[in-house]
Amino acid sequence: MAGERERGTAGDSDWIFASDDPHTLPTEQLPDRAAFDRYAAPLLERKRAERAEALKEQLAQRDSGAASTVRASSEAASSDGVSQSPPLHDGGTPAAAPRSPLTPGPAARPRPEARPWPDAPAAPDRRRTLDWDLDTEERETPGAGPGADEPVLPSRAVSYARSGTTPNVEDGAAGGIEVPERFRELGVFDALRDLLALVCLVTALTTTFTYAPAPMLGMAGKISIGIGLAALIAVHLLRWVPARPPLAVVRAVRVIGLLPALAVPLVVVAVDLVVSLPRLFSSLPDGPPVGIGVGVPLLLLGAIVGIEPRRHEGYLPHHVARNRARLLVLGIGVAAAAALLLALVMIVGRLFTTGWGFSVMVFADALISALLLAIVFAAVWRRDRSWIVFSVAAVAGLVALALADNTLRLQFAAPLSFATGFVYLPPLFAAFGVMISRSFIRTIPISFRRADWLVYTVRVFEFSVLMHAAAVIWHLLAAIASPTGVTRGGPVLHLLDAVVSACFVAVSIFARRALLERRAEVARASGVMAGAVLVMVGFLDTIVNSVATGAGSGLLTGGVALTTGIAAVLMLTVPAPVRDEFGAPDLTRMFADFRMRDTRRASLLDQVPDVNAERARRKTFPGG
């Protein structure tokens, strides 16, 4: 969307939230820990002194009351000669002594003994001093047994629901998982990227790497994977085991250890390119000379994700690193475009050597792969935030399928080579690895608001329109080339699949237009119905193609319709019941915010009708 792109390109700040978010402050840099301590120290000291004075007054009042009671009892005993019992109420029960409002009653919950507070005055042995925490909700309460009647300060019950305040770290840590002090610098994003790098390296070790008869490339891949895994383990040991970790050494070990894992897949791709050049115009009855298995792009992805130093290792991307990350993604796009041009040259050459049917199907496959790459790199080039997030999510699904390729034997198991088609998987996974890096994420301001659920739903339907339109073309070309025997199905099956894909396009266009133009309730219902249709028809299409051709779920057999339909239905139904800062969810307000997020030419208040004239008009009673 035009307005979103303009706001995304307005600045290249280091702050990850958008400046037009009303719930954030337009700041460039948050105060560090030292500055916060300097600001908070006098406030904490004043609060501590006030509570110490309150405790002293409370204890003094209790001591004076106890002394007067003992003195009165002794005087009465000496005058009467007998000890008197406490006065009785109407029911015959002893009357309780008046209790200070600071002293909890007998219904107070028991607490274990607390440690003495270092700043409190010394107390007799029979008295229990309490631990006054300045910022936690829990306060000491007297327990049963000795000292059960001792005074405490009142409990401060703090509720953050609709209060406009933010809970402290100590408040949240009391009811959650307590993280050790040295591991608190580890961010969730960095931990997930390290986990992804580890999974990609291990999976690349167990999947097909190359199809070359020479074992040298496969052995080099295994050695580089072993070095990379050892480097990841050594990095975390050096960071978390020593009391004073050497951060410079940690960063160096990470980069040097993963360099072989980054270099080997690039070498494999280069070797396949060089060996394929003499055979671009010759027939290949025995397959590609080298071939690129799914392990090569997975190894490349694991190396790119794991080679960047983490924030807990003292790394923070500067302006140069952020610019280089974006240029690197665009450079990968240029390399993919060059590979596509080479594939087109090979397709023309195979028309005369291998057959026109083979060339037509290679061209159809290259068309869909090039469209997917174009969506990803166009989002980076235009710096469209919503398309970037959606592209990352879409490619993440392909990464998950590639990780499961060794078990499910999906289409990733087919050989990729410059001599037989368009090599798209290594540049796609490489771009994905750079796009989830910290350096690239800091090149765009990212924020999430309630209306963004609708933005990403629209992106889902737009993606469905583009990919299923390409699927229509693929099935038409497959129907033309099926008499040559290069496809699994016949012309009738491919024509039926083309009609089903065209129906997917029509349903997606209808849902997108409804979300953009119709009333909120109708738009949401239309989107849910369209998503349900995509899910059901896509599932049936997958089963029919699996039975007829033996092919599993994929783009051309209903897999994308099934996935996009589930995503659209979830995004339109799950976030709706969530309560926001305005109370109950308001679909009308949500859709109005979504539709005006590009132009910003009108506010929601402008949509409220003017009733002043109606209120000023004199009205007569009916029949008067």
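Modeller: Here are the labels, each set against its definition.

Modeller: This is a predicted model, where local features need pLDDT of at least 70, side-chain atom pairs count only at pLDDT 80 or more, and totals for chains, interfaces and linings use all residues. Residues are numbered from 1 along each chain as its sequence is written, and side-chain values use heavy atoms, with hydrogens and water left out.

Biologist: Why are H10 and H12 called oblique to each other?

Modeller: Helix H10 (residues 385-403) and helix H12 (residues 425-435) pack at an angle of about 125°, their axes 10 Å apart. Angles under 35 degrees count as roughly parallel, over 145 as roughly antiparallel, 65 to 115 as roughly perpendicular and the rest as oblique. The pair is therefore oblique.

Biologist: What makes the contact of H10 with H12 nonpolar, polar or charged?

Modeller: Contact means heavy atoms within 4.5 Å. Residues of H10 including Ile388, Val392 and Leu398 meet Leu428, Phe429, Phe432 and Met435 in H12. The contact residues divide into 11 nonpolar, no polar and no charged; Ala, Val, Leu, Ile, Met, Phe, Trp, Tyr, Cys and Pro count as nonpolar, Asp, Glu, Lys and Arg as charged, and the others, Gly among them, as polar.

Biologist: How do you know whether Ile225 counts as buried or exposed?

Modeller: Buried means under 20% relative accessible area, exposed over 50%, partly exposed in between (1.4 Å probe, protein chains only). Ile225, in helix H5 (residues 216-240), has 1% relative accessibility and so counts as buried. Leaving aside neighbours within four places in sequence, Ile225 is in contact with Leu201, Ala204, Leu205 and Leu299.

Technical notes: Axes fitted to C-alpha atoms, helices over the stretch in contact; angles between N-to-C directions. Helix = DSSP H or I, 4+ residues; strand = E, 2+ residues; numbered from the N terminus.
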